[in-house]
Amino acid sequence: MSPLPLDGIRVADFTRIQAGPLATHWLVILGAEVIKIESLKAMDLSRRTVQGRREDNPDPNKSTGFMATNAGKKSCTLNLTTPRGQELARELIQKCDIVAENYATGVMERFGLDYQSLKKIKPDLIMVSTSGPGRTGPEKDDVAYAPTIHANSGLAHISGHPGQNPISLGIMWSDVITPLNAACAILAAVYHRAMTGQGQHIDVSMTEATVSLTPEPLLEYLMTGSFSEALGNRDYRYAPSNIYRCRGDDAWVAISVSSEEEWKALCRALGHPAWAKGPKFADNYSRRQNEKELDRHIGEWTKTKTPQEITRLLQAAGVAAGPTLAVDQLFRDPQLNERGFFVPIEYEPIGKGFMARMPYKLGQPNPPGQYLPPARLGEHNPYVFGQLLGLSGEEIENLVQDQIIY
Amino acid sequence: MAQALSDLKVLEYAQGITGPWCGKLLGDYGAEVIKVEDPGIGDKARRMEPFAGDVPHPERSGLFLYLNTNKLGVTLNLKTATGQRLFQELIRQADVLIDNNGVGAMDKLGLGWKTLKKVNPRLIMATITPFGLTGPWKKYKGGNLVNLHASGQGFMTPGQVEDPESHPPLKTAGHQADFMAGLTAAICTLTAVFASRLGNGKGERLDISEHEALAFQWARDIAMYSWDKTIPKRTKAGLAMTSGLVPCKDGFFYLHLRDARHWDTYVKLMGNPAWAKEERFKDDLSRGKNYSELEPLMMEWTMRHSKDEIYHLMQGEKVATMPLFTVPEVVNYRQMEERGFFTAIKHPMAGVAKYPGAPFKMSATPWKIRRPAPTLGQHNQEVLCGRLGCKKENLPKLRATGII
């Protein structure tokens with residue numbers, strides 16, 4: 001097998017929840033050696049999710065919530081609240097290329113592990129810090145999680161159905177937008193370092209990353225002085241474009257028509273119903289004007305069929321349509337399965353399961369990528385402290401006794 | 001200061017959002033991006049709202065202007081032999097081609113991967129399609145709405161509803177599925193560039209599926225389902241935290257109480273009301289279950305305070321709470337203002353406007369706007385004469401024959 005792109009890159013990973021670990025998850029798959037640094041005092045918070053429930057005293061090695069974005073990472077335990085623990089962390093970082101963290105602002109400073117301190121001992125270090133507000137500015141000390149970012153980035157205000165109260169998104173959208181940006185930043189920095197030898201600090205704000213992907217209402221306000229209300233599933237240009245109730249439990253299909261040609265194709269697929277004739281729906285403008293009525297007619301048709309039937313029928317006619325899938329249905333998605341999207345993983349404490357392949361194909365015929373089970377908490381203490389840092393078995397034993405390797 | 005990707009040359013023949021967002025990310029961090037558009041019509045985003053001053057015009061689309069900063073704009077009719085020849089010349093000088101024209105579209109123009117890799121064996125061709133280049137759905141039409149719902153996102157949105165029938169699955173605002181696909185494409189492209197530059201120097205075809213890019217975002221739910229058979233839904237049942245949007249004096253704020261300390265702090269700020277000690281609100285689960293009784297009681301206090309007051313009171317106690325900002329409030333958020341997030345850009349046809357800026361800050365190689373989005377064909381002479389050595393006197397003829 002050919003080497004992976006990030007072979008030989010070593011990462012000290014201090015990230016603790018969602019947005020942090022998902023960024024370094026990319027680096028693992030791309031071949032980097034990622035060493036996760038946790039402690040019994042400060043574990044990754046997702047270890048608390050066991051069998052879909054949040055538990056206060058879980059077995060840290062059985063969390064499926066942890067598993068998904070930490071598979072393939074090595075694990076060591078180090079108590080960073082002790083001076084010796086901090087010293088060992090610095091020694092480890094000197095043997096790494098990248099440091100990743102998503103503590104609240106100020107925590108890494110308290111540990112003496114902030115970028116300004118670290119670059120003195122490792123000048124070409126790349127460090128990525130992910131936080132809600134970003135590492136500078138008057139509100140830099142704010143604590144934040146994805147749902148609060150949905151509120152202060154405007155996302156909750158601009159999503160939702162017209163005329164209704166703003167919504168809480170439910171999904172952890174900013175928790176996936178942010179690490180994707182962080183991964184992009186890291187790769188740009190790794191490239192730059194390979195070309196010039198220069199390292200740097202990357203500061204990712206969840207609010208800013210989220211806003212950069214939701215520019216439309218903000219641009220509208222900045223360029224016209226006003227902004228439109230939330231549109232729900234509808235489109236501001238075309239109709240019909242919505243989701244429709246289908247046959248089956250909580251079953252829905254998305255249908256999106258964006259040209260006259262597609263409108264004609266839709267009418268054809270529906271068997272040229274009487275309601276579709278006449279001026280009410282003759283052109284896109286009229287369809288937008290009479291959208292509620294239009295959606296009602298289409299809904300009458302969709303509710304007699306399953307989302308999959310409608311998708312097949314409309315796509316064959318040349319209309320964009322797709323089912324609204326829940327996660328169990330994703331597993332039965334023929335397209336994802338055909339393309340080998342689900343990678344089997346076996347991990348002794350919880351058995352066999354699957355993880356998502358990275359969303360593109362690298363190389364042929366199948367993506368070589370590092371898809372490994374997660375490590376048990378502290379599994380790589382002998383490797384990290386013995387092999388990498390050169391401590392003797394006795395020294396390690398003492399550090400364990402002193403709750404520094406802990 | 002140098003930029004991270006300054007030695008990278010990108011050719012973009014893509015329109016709408018997915019491909020151009022990928023091109024913009026590379027361009028804003030330093031790459032030279034030449035954007036090829038069809039003569040006369042250009043990128044379809046030129047016809048997308050909002051428009052500067054609310055005046056629809058292909059040079060005034062805010063979305064286009066946002067998505068195409070730092071790009072040189074040329075027009076080429078790729079249905080003509082000369083247009084194809086000039087495109088191949090540009091390919092010869094490029095490291096990366098970004099294409100989102102659909103499965104087989106470039107092959108139809110005689111500019112498919114098999115041809116282009118012969119023209120430039122180092123070329124990395126990033127092709128972004130709704131469902132990928134292979135598989136039973138490869139010919140399916142996608143787009144923001146369809147891709148977003150088919151990936152699993154819609155099914156979980158909005159969260160915490162009482163009745164799923166009256167609250168159908170929802171797409172989040174804007175074109176986030178398309179943006180996520182573009183961002184994923186940028187990551188893939190950088191990976192391939194890095195591997196190629198440091199490895200054997202060979203080019204590669206990247207097959208980026210918007211469907212997969214979005215489904216991957218639920219990596220956690222996918223793994224959890226495969227072991228635990230848990231299916232996240234948008235219903236309130238099983239809510240394990242007292243969290244959500246709470247009304248207050250001037251709008252809403254998001255209350256996020258992860259553990260007992262957070263609840264205690266919040267109760268203290270509310271002045272320790274007697275109801276807070278009642279059995280029905282004793283822990284997270286009970287509060288979630290009895291939320292409809294809890295909310296009006298909390299509102300006795302919250303309706304007397306503004307979202308900004310509550311935000312600062314709670315953050316002062318290190319509890320994650322944020323105001324629900326409206327669009328104007330986001331634009332005027334002093335945190336982002338101090339960080340210089342919104343950036344003024346001057347464009348010859350659209351004038352000066354502020355746009356969202358750096359999605360991430362790089363200390364040594366910062367994000368930078370070197371030029372505004374191009375007008376249609378703005379850099380024809382600079383690129384065709386300057387880079388390809390066309391004679392200036394030939395440009396009128398190329399223009400007259402509809403090639404540029």
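At 14% relative accessibility, A:Gln18 counts as buried (under 20% relative accessible area, with exposed over 50% and partly exposed in between, for a 1.4 Å probe and protein chains only). In this predicted model, local features need pLDDT of at least 70 and side-chain atom pairs count only at pLDDT 80 or more, whereas totals for chains, interfaces and linings use all residues; side-chain values use heavy atoms, without hydrogens and water. Residues are numbered from 1 along each chain as its sequence is written, and chains are lettered from A and ligands numbered from 1 in the order in which they are written.

A:Gln18 is placed in the loop between S1 and helix H1 (19-29) of chain A; helices (H or I, at least four residues) and strands (E, at least two) are DSSP runs, numbered from the N terminus. Most residues other than glycine have a negative phi, and most peptide bonds are trans. The phi of A:Gln18, however, is positive, near 35 degrees. A positive phi of about 65 degrees is also found at B:Asn70, again not a glycine. B:Asn70 belongs to the loop between H2 and strand S3 (71-75) of chain B and is buried, at 1% relative accessibility.

Between the chains, the axes of helix H8 (residues 173-196) of chain A and helix H7 (residues 176-198) of chain B come within 10 Å and cross at roughly 25 degrees. H8(A) is therefore roughly parallel to H7(B). Axes are lines fitted to C-alpha atoms, for helices over the stretch in contact, and angles run from 0 to 180 degrees between N-to-C directions; those under 35 degrees count as roughly parallel, over 145 as roughly antiparallel, 65 to 115 as roughly perpendicular and the rest as oblique. The contact of H8(A) with H7(B) has 20 nonpolar, 4 polar and 1 charged residues. B:Thr184 lies in helix H7 of chain B and is buried, with a relative accessible area of 0%. Excluding residues up to four places away in sequence, B:Thr184 touches A:Trp26, A:Leu180, A:Pro359, B:Ile208 and B:Ala213, contact being heavy atoms within 4.5 Å.

An open sheet of 7 strands, with mixed pairing, has the order S5(A)-S2(A)-S1(A)-S6(A)-S7(A)-S8(A)-S12(B); two strands pair if DSSP finds at least two bridges between them. Its edge strands are S5 (74-77) of chain A and S12 (361-362) of chain B. Strand S2 (residues 33-38) of chain A runs parallel to S5(A), joined by 4 bridges, and A:Ile37 has A:Cys76 in S5(A) as its bridge partner. Helix H17 (residues 381-388) of chain A lies across strand S1 (10-13), S2 and S5 of chain A, at about 75 degrees to S5(A).

An open sheet of 3 strands in chain A, ordered S9-S10-S11, shows antiparallel pairing. The twist averages 20 degrees from one strand to the next. Strand S10 (residues 252-256) and S11 of chain A pair over 4 bridges, with A:Gly322 in S11(A) as the bridge partner of A:Ala254. Helix H13 (residues 291-302) of chain A packs on this sheet, touching S9 and S10 of chain A, and its direction makes about 40 degrees with that of S9(A). Helix H14 (residues 307-317) of chain A lies across S10 and S11 of chain A, at about 160 degrees to S11(A).

Note on methods: Nonpolar A, V, L, I, M, F, W, Y, C, P; charged D, E, K, R; others polar.
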